[in-house]
Amino acid sequence: MSTVQTERAISVTVNGVPREATVPVRWLLSDALRNEFGLTGTHVGCEHGVCGSCTVLVDGEPTRSCLVLAVQVDGRQVTTVEGLSRPDHQGGQVLHPIQEAFRECHALQCGFCTPGFLTTIAAGLDARDASVEITEEEVDELVGGNLCRCTGYANIKKACRYAAAAMRESAIVATKAQDGGAR
């Protein structure tokens, strides 16, 4: 006689913090993030992987959390929108350049799709050579997999260019500092 396992213990690093939980085997990653770990920044929209609102990073790769079972991320690293910022070593947080750009460029309206855009674009910007100016094709590629019903994408694309420019400037400054330090 076989027994059906209805729950399973998982160990996952979420936003840099090791977490353990026992979850129903049928729970989606989005369910575990929201209901078990209390990370409600991950929004669930279409529940079919189309809209991108639920996008998180699994081992650094954009992943639709409505299409992945929580048990599939056992032993892996998950970054949600709450984990994009980093400590400023003074008790606060420094926003990721795309988070700052969304604020500066007014790139959101209702905000429902925003977490998915932020995680997707952050991964794309972090993966590219920041010292190279971003192209319109790259911007279109970064925002193309997520749906927004409010903004018309103009300010989202503007924010993407703004963040890429800020990251480019930081890369140039870092390169100059390294070159100056080598002399």
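**Close-up views of a predicted model**

**View 1. Helix 3 spans residues 114–127.** Its 14 residues reach 20 Å from first C-alpha to last, close to the 20 Å expected at 1.5 Å a residue. That expected span is 1.5 Å times one less than the number of residues. Helices are DSSP runs (H or I, at least four residues), numbered from the N terminus. The model is predicted: local features need pLDDT of at least 70, side-chain atom pairs count only at pLDDT 80 or more, and totals for chains, interfaces and linings use all residues. Residues are numbered from 1 along each chain as its sequence is written, and side-chain values use heavy atoms, without hydrogens or water.

**View 2. Helix 3 is largely enclosed by the rest of the structure, because twelve of its 14 residues are buried.** Buried means under 20% relative accessible area (1.4 Å probe, protein chains only). Among them are Phe117, Ile121 and Leu125.

**View 3. The largest nonpolar core has 28 residues.** Such a core joins buried Ala, Val, Leu, Ile, Met, Phe, Trp, Tyr and Cys residues through side-chain atoms within 4.5 Å. Ile98, Phe102, Phe117, Ile121, Leu125 and Ile156 touch the most other members. Helix 2 (97–104), helix 3, helix 4 (136–143) and helix 5 (154–181) each give two or more residues. Helix 5 gives the most, seven.

**View 4. The model has zero disulfides, counted as pairs of cysteine sulfur atoms within 2.5 Å.** Cysteine 51 is in none; the nearest cysteine sulfur, that of cysteine 46, is 3.8 Å away. Cysteine 51 is buried, at 12% relative accessible area. Cysteine 113 is also in no disulfide; the nearest cysteine sulfur, that of cysteine 148, is 3.7 Å away.

How values were computed:
Buried means under 20% relative accessible area, exposed over 50%, partly exposed in between (1.4 Å probe, protein chains only).
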